[in-house]
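Q: Could you walk me through this one, with the cut-offs spelled out as you go?
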Amino acid sequence: MSHNTTRVVVITYSSVNQVIRQIDHMSYPDAEQHKCKLFEEEIPAITYNSGGTYTLGALIEAQAVFQYSRHSAKKAVF
């Protein structure tokens, strides 16, 4: 995987104990992590977790993931 490619992390969250990195192409980049696998396999495999909306926990997890990002890379949270 090129160090210049887009890297994706999907974090789902509901209650305090349910902040989960479902997909992590940033912390552990691998040549097997590519957009076709992301859209055809990984994203469809994510399931909905009912519960609260522990947004703070998700943002804290996102901040932890960003430590693996390139300094000059643009970062976005959706």
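A: To start with accessibility, buried means under 20% relative accessible area, exposed means over 50%, and partly exposed lies in between, with a 1.4 Å probe and protein chains only. On that scale Glu 61 is partly exposed, because its relative accessible area is 22%. This is a predicted model, in which local features need pLDDT of at least 70 and side-chain atom pairs count only at pLDDT 80 or more, whereas totals for chains, interfaces and linings use all residues. Residues are numbered from 1 along each chain as its sequence is written, and side-chain values use heavy atoms, with hydrogens and water left out.

Q: ok, and what does the side chain of Glu 61 meet in a salt bridge?
A: The partner is Arg 21, at 2.5 Å from N to O, where a salt bridge is a side-chain nitrogen of Lys or Arg within 4 Å of a carboxyl oxygen of Asp or Glu. This pair links distant parts of the chain, since Glu 61 lies in helix α2 and Arg 21 in strand β2, 40 residues apart. Helices (H or I, at least four residues) and strands (E, at least two) are DSSP runs, numbered from the N terminus.

Q: how many salt bridges in the whole structure?
A: The search finds 2. Besides the pair with Glu 61, the side chains of Arg 21 and Asp 24 meet at 2.9 Å, N to O, and in this way Arg 21, Asp 24 and Glu 61 are linked in a network.

Q: are Arg 21 and Asp 24 buried or partly exposed?
A: Arg 21 counts as partly exposed because its relative accessibility is 29%, while Asp 24 is buried, with a relative accessible area of 15%.

Q: what stands opposite Arg 21?
A: That is Ile 11. Strand β1 (residues 9-13) and strand β2 (residues 19-24) pair in the antiparallel sense over 5 bridges, where pairing requires that DSSP finds at least two bridges between the strands. A hairpin of 5 residues joins β1 to β2.

Q: switching topic, what is the volume of the largest pocket?
A: About 650 Å³, for a pocket taken, on a 1 Å grid over the protein atoms alone, as an open set of points where a 1.4 Å probe fits, with protein on both sides within 12 Å along at least five of seven lines, and lining residues having an atom within 4 Å of a point. Of the 24 lining residues, the closest to the centre are Arg 7, Val 9, Phe 66, Ala 76 and Val 77.

Q: which element gives the most to that lining?
A: α2 does, with 6 residues.

Key:
Grid points are joined across faces, edges and corners, and a volume is the space filled by probe spheres set on the points.
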